[in-house]
Structure formats: C-alpha cells, structure tokens
Amino acid sequence: MVDADAEGSLGALTRSITSRWKKARGSVMVLRFLTAVGIKKSPAPKKDGIMAVAQTALGRLIGDGIDVGQDLQNWAQGEGSLKQSKISVYHGPDLQSKYDQIVDSQVGEKLILHKELMDLFKNMRPVGKKEKIELNLRGKIITVLPDMSVQTEYLVISGATHPLKITNGSVMTPKGIYVKSCGEVELSDIQVEASSLALCVSGTDVSLTDCRLSSLDRCIQVKNEGRVQLVDCQVASKKTMDCVHCSSEGALLYSKGCHFVGGVRMKQGAVVVLDDCLISGGKKPAGLAASDSGSKVIAMDCKIADSKGAGVLIDKQAWGYLRGCVCKSSKDAQGLHVRNESSSVEVFDCDFSGNHHDGVRVDGGATARLINCMAGRSKEFRGLVVWDPNTSVEAINCDFSGNHKSGVVVENGAILTMKKCKVNKSSVSYGLDVRDVSSTVTAEDCEFSDSRRCGVFVQGGGSVSLKKCKVNGSKESSGMIIRNAKSKLFVDDCTFLSNKQNGLLVEMGGTGSMENCTIAQSKENYGFVVNGQGSHVNAKGCSFSENCQDNILVLGGATADLVACSSAGSSQGRGILIRDPNTSVKIDECTVSDCKLDGILACMGACVTLSKCTVNGCQKGLVVRDVSTKLEADACEFSENQSTGVGVLKGARVTMSKSNILGSLSDRGLVVQDSGSEVVASECDFSNNVKDGIWVSGGAVGTFTKCTSCNSKDNPGLSAGDGGKVTAEDCDFSQNQLSGVYIYGGASCDLSKCSSRGLKGVMVADRSGKVTVDECIFEE
C-alpha cells in the first residue's frame, strides 16, 4: 500500500478532470446535424429508384413547412442539379404543435427525427466528394435520431447549442464523422466503418457508449478543446500508428472498459484518462503515447499488449500516471519508456514483465517513480534502464528479476534510488549494472542475488551506496565488482554470501567504504578483494568468513584500511593476504581466527600496519616475506596458532612493539629466517610456545628490547643459528626447557642487561658461534 502523500499532485489533477467532465455532461445543448452526402447528378429527376425516393422525401418535408433551402427545393421539383445545398429544419414554438405526438414527456422534451428525413438518410448514396448536403437541426429541444443508418462520404455534426442523441444505428463512411463547435453529442450502440478517420471531435463534447468504430486509418481524433467519453466501446485501426489521437491543449479523452486495437496517443497538451481498458496491437512509437508539454495520461487497471513500439511512451515534457496496469509483449521496444527532459511518470502496482526489449527505460533527463511494480522476464534485454544526465528514478518495493540481461542498468550520469527492491536471476548478465561518471545508485533493503554474473557491477566512474542489502549467489562471478578510477562504493550492513568467485571485488582504481557488512562462503575464490593502483577501501566492523580461499586479499598496489573487522574460517586459504609493491594496508583492532593457512600473509613488497589486532587458531599467525615487504605491529597478539606465531622470511622487515606471540601449538613463537630478513621488537612477549620463543637463522637479524621469551616447552627461549645475528637488551629468557639462549652455526648474539633463570642461561653449540654478554643475570 502507498500512503496519501505518495500520490502528490495526482489527486488534484484527477479531481479537476472529473469535475470538468461532469459539468460538461450536465449542461443542456443543441446541435446542428450536418451530413456530407453527395447526390448523383442528373439533368432531370426521375420518379423511380433512389432519386425518386429522395425527391419524394424532400417534397413531404417541404409540404410540412420545413425549410430545406432553395437549391434542394428546386432540385426536388426537378429543376437544376445539386452540388452543395443545405436542409435547415427549424423547431420553434410556431412549429411545436406539429410534433406533439412524438414528444416523450416522461424523459423530458425530445424530438424524434421525422420519418421522411430518416428515409432521406437511408436512401441517398455519395457519388462525388464535392457534392454535399447539410442537415441543420436548430431549436431549444433535444434531438434524437433512432435507428439511423447512413452511408455517406462525410457525416458532419456542427453548430447547435442543445444535445443530440443518436442511437442504434450504423454509419458507413469513407471519411467518417466530424463533430465540431456544438453542444453535447451522445452516440450509443452505433457502428462506424470508415476507410480514413472514423470520428473527429473539435471543440465539442461527445459521449460514446457501446459503440464500434473501425478504420483503415486513424480511428478517433480529438482536437481544439474537444472532449470525448468512451464507455464499453471497441475502437480498431488496422494500419496507422494509433487508433486514437488527441492533439491540442484542452483536448480530453476519458475511456472506461474499452478495447483499442492500435495505439492511443496524445500531444500538444491533450489529456487522456483510461480506466479498465485494453490496448492491443499498437504501432510505433507506442501502444499508449503522450508527448509535448502539458500532455497528460492517466491509466488505471489497463492492459497494453502486443505493441510494436513501446507499450507506454511518455515523451517531450509529458506527464503520466499509471496504476494497476499490465504491459507485456512489446515486440520491438520497452514496456514503459519515459524520455526527454521534464517528462515524468508516476507508476503504482504495474507489471512491465515479459517484453522483448527493456521492461522500463527512462532517459534524456526524464524522471520516474515506480512503486510496487514488476519489470522482469525481459526476453532479450533488461528490466530497468536509467540513462543520461539529469535522469532520475525512484523505485520502491519493485521486482526486476528474471531478465535476460541485467536486471537494472544505470548509465551516462543517471541517478537511481531503490528501496525494498529485488533484482535477481538475470540470465546472462548482472543484477545491477552501474556505468560512467556521475551515474549514482542508492539502494536500501534490496536484494541482488542469483544472477549469472555479478549481483552488482560498477565501472567507469559510477557510484553505488547500499544499505541493508543482500548480494548473494552469483553463479559465475563475484557478488559485487567496483572497477575503474572514480568508481565508488558505500556499503552499510550488507551481506555478500555464497557467490561463486569473490564476495566483493574492488579493482583498477575503484574506491569505497564498508561498515558492518558480512562477506562469506565464496565458493571458489576470495571473500573481499582490493586490486590495482589507486584502488582503496575503508572497512569497519565487517565480518569475512568461510570463504574458499583467502577471506581478504589486497594486491597490485591497492590500499585498504580495516578497522574492528573479523576474518574467520577460511576453508582453504588465509584470513588476510597482502601482496605486491606499493600495496599498503592498515589493520586496526581486527581479529583473525581459524584459518586453514596463515592468519595474515604480507609478501612481495607490500606494506602493512597492524594495531591492537588478534590472530589465533590459524596454521600460522602472521607471515611476512620477500624483499621490500614491511610490517609494523603494535599491541597485537598472535596466540595458539598451530605452527609458527610470526614468521619473517626472505628479506622481509618487521617492527613490533607491545605485542604477544604466545602459545604456538607445535612450533616456534617468532621465526626470522633468510638473509635480509629483520625484526625489531620492543616490549613484546614470546612465551609459552612449544618450541623456541624466538628463532633467528640463515643470516637474518633480530633486535629485541625489553622482551620476554619464557616457558618454551621443548626448546630455548632464544635460538640464533646459521649466521643469524641477534641483539637483545633488557630481555628475559627464563624457564625454558633447554636453555635461555642457544647459539649455533656461526650465529652471533649480543646480550645486555638480560636475564635467564631456570636451566642453562646461554648455550653455544660450536666454536663458530659468538656471544657478547653485558650486565646479564643467569641463574639455575
């Protein structure tokens, strides 16, 4: 349901149209009735056949005192030929007594057309376009034409001021009926067949009920402030682009329960109101089309089907309102197309599904509001397309699922706002596709799931803001991709679950921020990936878990800031992998746990800063490797990891302060290995590990200040071997199983103000080892 505010100015417009229509129908009017009937020329009248009947009928009218015009009077008397003549039938007070017997007093004053005059209609036939008879009915009473059957070149109703009613008849006319500049005309149960225009209304009110109009060309045209009401009518045009055409400011068409074969079109400020109507077989540009400033279309509970152009087109500053409509099976275009600056539409509870082209397209600076709508199952294209600068769309509680290509596309600087929408199961492409600089999407409580490719794809400078959204189950790609410079991502409280490749990928210069999001269960690749120079993401309070490979991967010169995040349970990979030159990551107050491989791996020249982080339950807690790779850790804890707590390898460099490397379950606390590798640690604790608390070897360098390495279960607190070099000041190596310090294989160790209590304080295994001791305490 939509609250009253949602319908805006619609109520005022609808009430105005309804009031104007009721006022027009309540007034009393008189019409003159003209018919363009050509009469076959003849130098002299004959007293048999059609001509005889016509002349006899005119003679009776003349005999009753009815003025039929001098030309017709001469022709009826056998004098001259007829080219353009007029029958004028006056009904005034002086003639009223002649027709008392045919006045129906129960329903008010009515005049039933004289039988001889009806016979004149029935028996005359057109033979030339220039020959015309005008029938002029005047007076202050209502005129009724029952059972009127006319076969004529052109039937014109014009000029009177009181109502005319025509019932239960047929008009066979090549050029149709023309109603202009008169009062109200009511047609009921009338069949009109024309080869060109069936009905033209100009500056007049015309009401049709249970009528059937057909034409090879346009069927109904309304212009010059004409107003037409159609109820339970059938209107069919077989060849032209539209069967109803309203084409001037002030022109109004109201239709209820009608079937239009061919399009309905308004322009130049006309207004069309459709209620419970069917429009089928519309030609280009649309089944229902409104164009030009001031033109308005209101369609309620209507169905538009099988259009060759768009189902509904709002164009050139026109305005539309659609409620409860169904628009399906447009063959060559969109279900709904809104285009050009200042064109706008409000759409409620409508279905634009199953079209060949896009379900809904808004472009050229137009605006649209879609509430409780569907635009799915597009056979070849997309559900919703929003295109061009200044184009904006608001979609609330809509479903854009099951389309062949992308469910929603926003390009070339357009703006889309979505709330409680579904964009699922795109067959060959993306759920949401956002492209180009200034293209912007804001989505809240939406779902972008189960598409073949990405649930959300942003590239070329587009921007997406998601809140409380789900991006799940992409079948062949990542859940979400942000690509290219100036492409931006803002995500809050969203989930990215069970996508085939990555949960979220930011690459090639894309940037973004994330808060309180969950990225989990990626089936083949990573959870969260930031890749490439210029790519950057801030993540706060996010959870990355149970992804097939690494939960978080930052590489290729990208940067990232992770704050208060968790990475847990990577089934085949690491908690966090940071790699490549110029890649830089800051990790603050994060936890990494229960990963099959390393909790954190920094390598291949990356730069990492850790603060107040916890890494536990992984194969290795932290691994830093390769020349030019640098890591700083402050107030961190690496505990109860299966193998090494922290490993520094292959020329990497690590600076640690106030950190703990504790309780490694099967290996050492800290391993510094290989030439060029270096660790500088202050106020750190390397205690309670199964093997060495600290192990420096292979030409690596370790510098330790105010550190503790105690209670190693099987090995020394500090081991240096194979050319390793250690400098320790004010450190404690107590209560270790073998010795406090163990030197071998040509390693060297400078100890200053250190202590070792328990077993042997310092052991030097061979002569190549070197130890310098200054102000140290060794106690057994």
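This is a predicted model: local features need pLDDT of at least 70, side-chain atom pairs count only at pLDDT 80 or more; totals for chains, interfaces and linings use all residues.

**Aromatic pairs.** I then took a closer look at two of them.

**Y321 and F348.** I found the ring centres of Y321 and F348 5.7 Å apart, with the planes at 45 degrees, so I logged the pair as tilted. That angle falls between the cut-offs of 30 and 60 degrees. Next I checked where the two residues sit: Y321 belongs to strand β27 (residues 319-323), while F348 belongs to strand β30 (residues 344-348), so the pair ties together parts that are 27 residues apart in sequence. Are Y321 and F348 buried or exposed? Both are buried.

**A charge over F348.** I came back to F348 and noted that R323 lies over the face of its ring, 4.8 Å from the ring centre.

With 22% relative accessibility, Y742 counts as partly exposed.

**R668 and W695.** I also looked up this arginine, and R668 lies over the face of W695, at 3.9 Å from the ring centre.

**The whole chain.** To finish, I stepped back to the protein chain, where I listed four helices and 76 strands. Of its 780 residues, 55% count as buried. Among contacts with a separation of 6 or more, 53% come from residues 24 or more positions apart. The chain exposes about 29,900 Å², and carbon and sulfur atoms supply 45% of that area.

Note on methods: Residues are numbered from 1 along each chain as its sequence is written. Side-chain values use heavy atoms; hydrogens and water are left out. Rings of Phe, Tyr and Trp (its six-membered ring) pair if their centres lie within 6.5 Å; planes under 30 degrees apart count as stacked, over 60 as edge-to-face and the rest as tilted. Buried means under 20% relative accessible area, exposed over 50%, partly exposed in between (1.4 Å probe, protein chains only). A charge sits over a ring if NZ of Lys or CZ of Arg is within 6 Å of the ring centre and within 35 degrees of the ring normal. Contact means heavy atoms within 4.5 Å. Accessible areas come from the Shrake-Rupley method with a 1.4 Å probe; for residues, only the protein chains shown count as cover.
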